[in-house]
Amino acid sequence: MEHIPVLLNEVIEQLSIKPDGIYVDLTLGRGGHSQEILKRLTTGKLICFDKDIQAINESREKLIKISQNFILIKSDFRNITCELKKLNIDKVDGILADLGVSSPQLDDPNRGFSYSINSDLDMRMDLDNTLTAKEIINNATEKEIIDILQSNADVKLSNLIAKAIVKNRPISDSFTLNQIIKDSLPAKIVRQKNPSKAVFQAFRIAVNDELNALSEMLSQLPNLLKKDGKIAIITFHSKEDVIVKKFYQNLNYFDPKLKKILIVETHKWHQKVIFPSSKEEEINKRSRSAKLRVITKLMD
């Protein structure tokens with residue numbers, strides 16, 4: 001399935017791209033957003049991050065047809081400050097992070113991200129990573145599995161699922177895991193919604209340490225952004241969106257005690273939340289759970 005970048009027009013509009021600006025795409029993927037950013041640069045520069053070497057190789061071919069004003073970096077986005085420092089870049093005009101898994105990753109039978117395609121339980125975004133979902137599923141304790149399911153995806157009846165996983169080990173492929181999950185739960189729940197979606201999400205997040213990486217990355221962004229610069233982050237599930245939302249709230253935290261002594265509250269950041277249009281949701285069903293938070297730095 002071809003990857004369709006989510007909220008593409010909204011991202012480009014909100015970033016307010018300057019032709020001579022420096023922009024960072026922290027989740028290159030198949031280059032959908034990056035291509036449009038690059039088209040709007042003249043003397044500016046686009047820095048792209050991705051852990052997936054396949055994504056980098058495929059996107060390079062697309063970007064080079066537009067311009068050579070880009071740099072590709074194979075790295076987790078939690079390393080943004082370190083990697084930009086290597087390029088002698090300390091401030092940028094805009095930063096984008098699309099936290100969704102790309103369609104080619106989901107649809108690749110060799111990657112193990114999807115429960116609808118039978119494959120080895122891999123789920124690594126970075127193929128150089130040695131930890132796979134299969135290792136976690138077959139070696140973690142029942143308590144550890146429950147914690148993964150609850151903390152990463154709020155999986156209901158996680159104790160039943162974890163118990164069934166441990167009982168039926170070893171588990172090597174996605175179809176087997178999918179069936180074990182369904183068999184462990186009451187038929188009524190399975191009929192309402194496929195429980196495997198949340199379970200696979202939870203293991204994927206664990207394999208790639210996604211939530212910790214997101215928190216580490218966000219903590220670095222305020223110091224990397226120029227005045228009037230923008231951070232655009234697309235989230236797809238509540239766990240990551242809560243982290244981004246709290247990040248914004250902490251940026252604008254104002255001690256209530258100061259109000260009592262009549263100190264004027266001044267916001268240094270502004271946030272806007274944008275959802276996909278109904279038309280986009282019809283065209284791209286994977287956009288239905290997306291939410292774009294755009295954060296603008298109003299002053300240094």
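I call a residue buried when its relative accessible area is under 20%, exposed when over 50%, and partly exposed in between. The model is a predicted one.

I started with D93, which is buried at a relative accessible area of 7%. Its side chain meets that of K226 in a salt bridge, 3.4 Å from N to O. K226 sits in strand β5 (residues 225-235) and D93 in strand β4 (residues 92-98), so the pair ties together parts 133 residues apart in sequence. K226 is partly exposed, at 32%.

Next I looked up R293, which forms a salt bridge with D241; the closest N and O atoms are 2.9 Å apart. This pair also links distant parts of the chain: R293 is in strand β7 (residues 291-297), D241 in helix α13 (residues 238-251), 52 residues apart. Both R293 and D241 are buried.

E210 bridges to R204, with 2.8 Å between the closest N and O atoms. E210 is buried at 12%, and R204 counts as buried at 12%.

I also noted a network of salt bridges linking K51, D76, R78, D209 and E216. The count comes to 21 salt bridges.

**Helices**

I checked α2 (residues 32-39) and found six of its eight residues buried. Among them are H33, E36 and L38.

I then turned to α7 and α8, which pack at about 135 degrees with their axes 9 Å apart. That makes α7 oblique to α8. The crossing is right-handed.

**Surface**

Which residues form a nonpolar patch on the surface? I found L157, L160 and I189, with about 200 Å² of accessible area together. L157 lies in the loop between α7 and α8. At 34% relative accessibility, L157 counts as partly exposed.

Definitions and conventions. Residues numbered from 1 in each chain as written. Predicted model: local features only at pLDDT ≥ 70, side-chain atom pairs only at ≥ 80, totals over all residues. Heavy atoms only, no water. Buried < 20%, exposed > 50% of the residue type's maximum accessible area, 1.4 Å probe, protein only. Helix = DSSP H or I, 4+ residues; strand = E, 2+ residues; numbered from the N terminus. Patch = residues over 30% accessible without salt bridge, like charges linked within 9 Å, V, L, I, M, F, W, Y side chains within 5 Å. Areas by Shrake-Rupley, 256 points an atom, 1.4 Å probe, with all protein chains shown as cover. Salt bridge = Lys/Arg side-chain N within 4 Å of Asp/Glu carboxyl O. Axes fitted to C-alpha atoms, helices over the stretch in contact; angles between N-to-C directions. Parallel < 35°, antiparallel > 145°, perpendicular 65-115°, else oblique. Left-handed = near helix turned anticlockwise from the far one by under 90°.
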